[in-house]
Amino acid sequence: MSFSTKHSNSSPLSRGSTLGRLGIQLAADYLGFQVQRPFLRSEKRELKQQQYQRRSTRRLCQTIQHMKGPLMKLGQILSMQDNVLPREVIEELSVLQMQAPAMHPTLARARFKASLGKYPEEIFKQFEPEPFAAASLGQAHRATTFAGDPVVVKIQYPAMAVTIQTDFKLLRATLKTSCFSSYLPTEVIGEIESGILKETDYLREAANVEFFRQQLAPLSFVRIPRVYREFSTDKVITLSSVSGMSLAALLKTKPSIAFRNQLGLCLLQLFLFQIHEVHAFHADPHPGNYLFSADGSIGLIDFGCVKHITRDFTRLIQAFLARTWRQDPAEMKHMLRLIWGTDPRQASPEALRMLRTEIELFDWVFPPAEAGLNRVSFDNPKIFELGLRLRKECLGAKLAHKEFPFYSRAELGLYSYLRQLKATLDTNHILHSIRAAQPNM
Amino acid sequence: MPIKTSPRKRNVGPGKAGKRAQNKETNRQAILKAALELFRQKGFDHASTREISRRAGLAEGTLFNYFRTKEDLALYFLERELVELIAWYEHPGPLQRAPLPERLFAIVHHHLEQIAPYEDFIGAVYLRALQPSSKLSPLSAERRELNRRYLSFIRGLLAASEAKGELPPLGEPGAYGFALFHLAMITYWLNDTSAGKENTLAALDRCLQFATRLLQRQGQWDWQ
């Protein structure tokens, strides 16, 4: 795999000027729309507004597609938010996921030494100077330890934290020039920035990998890499190699319906086990992070974005699953308090709308007994649509639990995989088997 | 009739002159080693020539036969580093086939690695070099030969890239431009307090990528 640097805007000067021009273009688009607005009929106005938003989003996406580093990461995150962005833009952004420009071998080597104090060839029996995969914050090289173990060495681009802060400052300034920021809320940008900044500490990721490797051990179908602490720092992480292919590559092999259903079952089990047993979940359902094998096992990699769930949030989920609260006004009040943390009367209409969507989605995924449905087909677009709507709504609702946006992102990632697999599952059976294993349920 | 040969002519070892030159170089290196150790302990300005000669195991008068001042010592250090840098670069290996930005990156980075153990000393040398009357000043007569060798090395490297079409014809100004950039990077590196001097790595890479792209487009930057 080769990595072209042809279109990357890697110098701060060019990145700044590119964002500056983007700001001017967005402002011009916005002004153009505002000038036309008073003269348009309401339906035409809505159409024009949609056109303006699509054009602005496209400009933003095209720009960040050409930016190396953190803004590319922002693009990746936005590409997961299907309904927030138009379909053609998501298709453009999905290309970003494997096209980060690479460090040349001399820089990667220098970076490795600056972090570990020795050159790769002094630490490994074999080290491939060319990366086999690129990520926005780093790139991955294959290596073999002196003990003969195949490993993956992820090396971070130098000075990423500074670049992230500069890029986000520039991006905020850019979005201020137009009202585009209302389309992409500043809180969302802030949340993404702090998330990406945390991802620059690979030792944090190492701790996450070790935690999940231990906690997910009861699920025999899950493969988690092992951390080589002696060859890892905050900027370089060495992990055992995990084999497998992306879901798209697996689907090209035309797997049988039974196999797809089996994989779907494993994915749902994995998600529910993380929520109900581990109380922490892998929050980056990026297609490159799930590696599927012909034996039905699933390799889980990249633990840079992980969310630990508070006891309160776990209690909320468990109460939500019981369904009985929907009929009992006292329990309903309690549920609303669990969600918003304050007087339920203060809940905003957006938040109540979100709750309704969540109930509807839950009933589609885990049908109530009276519906008489044993198996749920994830090929049904309704489930994914509701997931998308929920994702959009939860970003606008002020909830007591900060975990919710991450939870909905992981949940949406799950439904996206299940939809692609066209899996048909007995979801209630899976849920009950996981809940039955819990002592307090 | 057998040809008579004198025993002196059969001697295969270095001649007297060669041996003398070898001894001279050994002494020079012993003095530099002692000086660098002292500079690291006491700093360039506070280490005296008497202390240097004592540490090198030589009489102070002998030291003056080799280096008249500490600035001469610093010039010898710079010269030795340059010779080593050129020899390292010209050694056959995968770097020779790498794209130009990577090769230029490797040159500056290798130089920084070489001088890293003497960071304080280099800092003092750079401060001295700012004084026009100093032998260490880039414009001094004493540095002319050193500058010529460096510029000829860089010029040769850029000329090869120009011949391959990697760069537009830059001529002498190209080598001067890179020399200035190299100096600027050393100054940046000296002031870089980031862990593992990662900011220097980033700045070096980004500047070279940007400059090469700009030159390849002959200044006509395609902003799209």
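Helices (H or I, at least four residues) and strands (E, at least two) are DSSP runs, numbered from the N terminus. This is a predicted model, so local features need pLDDT of at least 70 and side-chain atom pairs count only at pLDDT 80 or more, while totals for chains, interfaces and linings use all residues. Residues are numbered from 1 along each chain as its sequence is written, chains are lettered from A and ligands numbered from 1 in the order in which they are written, and side-chain values use heavy atoms, with hydrogens and water left out.

**Exercise 1: how do the two helices cross?**

Task: Describe how α5(B) and α6(B) pack.

Solution: 
- Step 1. Two packed helices are described by the angle between their axes and the distance between the axes. Axes here are lines fitted to C-alpha atoms, for helices over the stretch in contact, and angles run from 0 to 180 degrees between N-to-C directions.
- Step 2. For α5 (residues 70-90) and α6 (residues 100-115) of chain B, the angle is about 140° and the axes are 10 Å apart.
- Step 3. Now the hand: a crossing is left-handed if the near helix is turned anticlockwise from the far one by less than a right angle, and right-handed if clockwise. The crossing of α5(B) and α6(B) is right-handed.
- Step 4. Who makes the contact? On α5(B), the residues include B:Phe77 and B:Trp88, and on α6(B) they include B:Arg103 and B:His110.

**Exercise 2: a helix pair across two chains**

Task: Work out how α5(A) lies against α10(B).

Solution: 
- Step 1. Helix α5 (residues 105-116) of chain A and helix α10 (residues 198-216) of chain B pack at about 170°, with axes 10 Å apart.
- Step 2. That angle makes α5(A) roughly antiparallel to α10(B).
- Step 3. The touching residues are A:Leu107, A:Ala110, A:Arg111 and A:Ala114 on α5(A), with B:Glu198, B:Leu201 and B:Asp205 on α10(B).

**Exercise 3: follow a strand and its partners**

Task: Find which strands β4(A) pairs with, and say how enclosed β4(A) is.

Solution: 
- Step 1. Two strands pair if DSSP finds at least two bridges between them. Strand β3 (residues 138-144) of chain A pairs with β4(A) in the antiparallel sense over seven bridges; A:His141 has A:Val153 as its bridge partner in β4(A).
- Step 2. Look at the turn: the hairpin of β3(A) and β4(A) has five residues between the strands, and A:Gly148 has a positive phi near 95° there.
- Step 3. β4(A) also pairs with β6 (residues 236-240) of chain A, antiparallel over five bridges. A:Val151 stands opposite A:Ser240 in β6(A), and A:Val152 has A:Leu239 as its partner there.
- Step 4. Count the cover: six of the seven residues of β4 (residues 150-156) of chain A are buried, so β4(A) is largely enclosed by the rest of the structure. For β6(A), five of the five residues are buried, so β6(A) is largely enclosed too.
- Step 5. In a regular strand the side chains alternate between the two faces of the sheet. In β6(A), A:Val236, A:Thr238 and A:Ser240 point one way, and A:Ile237 and A:Leu239 the other.

Conventions:
Contact means heavy atoms within 4.5 Å. Buried means under 20% relative accessible area, exposed over 50%, partly exposed in between (1.4 Å probe, protein chains only). Angles under 35 degrees count as roughly parallel, over 145 as roughly antiparallel, 65 to 115 as roughly perpendicular and the rest as oblique.
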